[in-house]
Amino acid sequence: MIRTWVAVSLPILAIAVAVIFAACAMKPAMTVGDNDNGTKIEIERGDLLAVKLSAQLGTGYGWKVVSENRTLTLRGEPEQVSGEGQKPGGTDYQTFKFKASEKGEEALQLNYIEAWREDAKPLKEFSLTVIVK
């Protein structure tokens, strides 16, 4: 019985250790922000890109990805965080995470708009040329 338990447990333990090491080996996301508007960056295929932009979310405005992009895949919903020790009306941040899924060069475009209005004109725009190697 003990031999059976050991024979079953050791492969499972080996797989768990391999998964933990693989997770630790992942590179952190490259983060760009407001000051990177209009610039060009290079990342490797498989890397993560975080776009962290300032906003005042209580106003009805927020950032929205408006470009179709085959080289970058949006990962989930944007994270919304208030500044540390922030008072009401202060700056919030929206962070969009993308995975570099294909090699190539494309523009990434986000607009700061009232998303609920169909005829909304952007209050601000953010663009970034991304080269995936």
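Two strands count as paired here if DSSP finds at least two bridges between them. I start there because the sheet in this predicted model rests on that rule.

In that sense, Glu 42 stands opposite Ile 131 in β9. One place along, Ile 43 faces Val 132, also in β9. The pairing of β2 with β9 is parallel and runs over five bridges.

Now the other partner of β9. β8 and β9 run antiparallel, and nine bridges join them.

Put together, what is the order of the strands in the open sheet? The four strands are arranged β2-β9-β8-β4, and the pairing is mixed. β2 and β4, the latter spanning 62–65, are the edge strands, with each pairing on one side only. From one strand to the next, the twist averages 30°.

Next, the core. The largest nonpolar core contains 19 residues. Leu 49, Val 51, Leu 72, Leu 108 and Val 130 have the most contacts inside it. At least two residues of this core come from each of β2 (39–43), β3 (48–55), β7 (92–100), β8 (104–113) and β9 (124–132).

Take Leu 108 from that list. Which residues does Leu 108 touch, leaving aside its neighbours within four places in sequence? Its contacts include Leu 49, Val 51, Leu 72 and Val 130. Also in contact with Leu 108 are Val 65, Phe 98, Phe 126 and Leu 128. Ser 67, Asn 69 and Ser 127 complete the list for Leu 108.

Technical notes. Residues are numbered from 1 along each chain as its sequence is written. This is a predicted model: local features need pLDDT of at least 70, side-chain atom pairs count only at pLDDT 80 or more; totals for chains, interfaces and linings use all residues. Side-chain values use heavy atoms; hydrogens and water are left out. A nonpolar core is a set of buried Ala, Val, Leu, Ile, Met, Phe, Trp, Tyr and Cys residues joined through side-chain atoms within 4.5 Å. Buried means under 20% relative accessible area, exposed over 50%, partly exposed in between (1.4 Å probe, protein chains only). Contact means heavy atoms within 4.5 Å. Axes are lines fitted to C-alpha atoms, for helices over the stretch in contact, and angles run from 0 to 180 degrees between N-to-C directions.
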